[in-house]
Amino acid sequence: MTRLIVIVCGSIALQSAVAQDGDNAPNKAIDFDRDIRPIFKAHCISCHGAKRQEGGLRLDNRIDALQGGDSGKLIVVGDASSSPLIERVTSVDELLRMPLEKPELTTAEVGRLKKWVDAGASWPADSKTKRAVAGHWSFQRIKRPMLPSVPSNNWVRNPVDVFVMDRLSKAGVTPSPEADRAKLVRRLYLDLTGLPPDPTDVDTFLNDNRSDAWEHLVDRLLASPHFGERWGLYWLDLARYGDSD
């Protein structure tokens, strides 16, 4: 047991040393979200954020941070040695060193700040990450797309089928034959309730000659308590119900 503890502790120490070496590696590119934002959030934002700006300084966005505070610019882009930010976090004077009256930054954190400033003090506002987020489909205005042109056939019955058929055609795939009514009712039961149908339920559907028999069956299963039991499982899992009850 003791040997196992020693091995585990030694592994953790080795990983920590490797991580620190990686932080200080001269060829490792600095990423704001990974390397700089956590430093600002842990040491700076409580006094220099959106709710509170000591000395007129905000470090929660690029424009305000580069503009500086009451005493002038804090970050000289491309020159860490001339940046008051680096001077303040490395000062030996407790009245000048930042963060004030809190634990000082580690050597690794200071090193990352220096590399970040020397590299141009890039921020998400001018990064690929920001542009990718802004271009995400969930932020776009909803537009009705044009229906693609597909060969006319009996398989296409609604606009959604048109897009499916278009994609299948591009992939050189033909639709599978339509399942018989017995298979369809079994699939519907399993999808909506998670349970297979009783033989009597299958027979009832097969003998229902109404044109909207399928719609009636869907409505009946949606009203079944088993539908709520099946689909409620996903919400219970998200809420970690099995861990908390």
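**Figure 1. S91 in the loop between α4 and α5.** In this predicted model, S91 sits in the loop that joins α4 to α5 (107–118). With a relative accessible area of 16%, S91 falls under the 20% limit and is therefore buried. The S91 side chain comes to 3.1 Å from the backbone nitrogen of D93. Leaving aside residues up to four places away in sequence, S91 touches L96 and R97.

**Figure 2. The cis peptide bond from M98 to P99.** The bond between M98 and P99 is cis, and its omega is near 0°. P99 belongs to the loop between α4 and α5.

Figure 3. E101 is placed in the loop between α4 and α5. Its relative accessible area is 77%, so E101 is classed as exposed, the limit being over 50%. The location of R240 is the loop between α11 (225–238) and α12 (241–244). R240 has a relative accessibility of 55% and therefore counts as exposed.

**Figure 4. The largest pocket and its lining.** The space in the largest pocket amounts to about 520 Å³. Which helix gives the most to the lining of the largest pocket? Helix α4 (residues 84–90) does, with four residues. By residue class, the lining of the largest pocket has eleven nonpolar, six polar and seven charged members.

**Figure 5. The second largest pocket and its lining.** This pocket has a volume of about 380 Å³. Its lining consists of 14 residues, of which W155, R157, E178, A179 and L184 are the closest to the centre. Helix α8 (residues 181–192) supplies the largest share of the lining of the second largest pocket, four residues. Six nonpolar, three polar and five charged residues make up the lining of the second largest pocket.

**Figure 6. D35 in helix α2.** D35 is part of helix α2 (residues 32–43). Is D35 buried or exposed? The relative accessibility of D35 is 6%, which means that D35 counts as buried. The side chains of D35 and R34 are joined by a polar contact of 2.8 Å. When residues up to four places away in sequence are not counted, D35 touches A29, I30 and R112.

**Figure 7. Helix α1 and the confidence of the model.** The mean pLDDT of the protein is 83, and 84% of the residues score at least 70. Confidence is lowest in helix α1 (residues 2–24), with a mean of 41, and highest in α8, with 96. The pLDDT stays below 50 over residues 1–23, a stretch with five contacts in the model beyond near neighbours in sequence.

**Figure 8. The helices of the protein.** There are twelve helices and zero strands in the protein. Of its 245 residues, 23% count as buried. Among contacts in the protein with a separation of 6 or more, 46% are between residues 24 or more positions apart.

Key. Residues numbered from 1 in each chain as written. Predicted model: local features only at pLDDT ≥ 70, side-chain atom pairs only at ≥ 80, totals over all residues. Heavy atoms only, no water. 1 Å grid on protein atoms, 1.4 Å probe; cavity = no way out; pocket = protein on both sides within 12 Å on 5 of 7 lines; lining within 4 Å. Points joined across faces, edges and corners; volume = space filled by probe spheres on them. Helix = DSSP H or I, 4+ residues; strand = E, 2+ residues; numbered from the N terminus. Nonpolar A, V, L, I, M, F, W, Y, C, P; charged D, E, K, R; others polar. pLDDT = per-residue confidence, 0-100. Contact = heavy atoms within 4.5 Å. Buried < 20%, exposed > 50% of the residue type's maximum accessible area, 1.4 Å probe, protein only. Polar contact = N/O pair within 3.5 Å; in protein donor to acceptor, adjacent residues only side chain to side chain.
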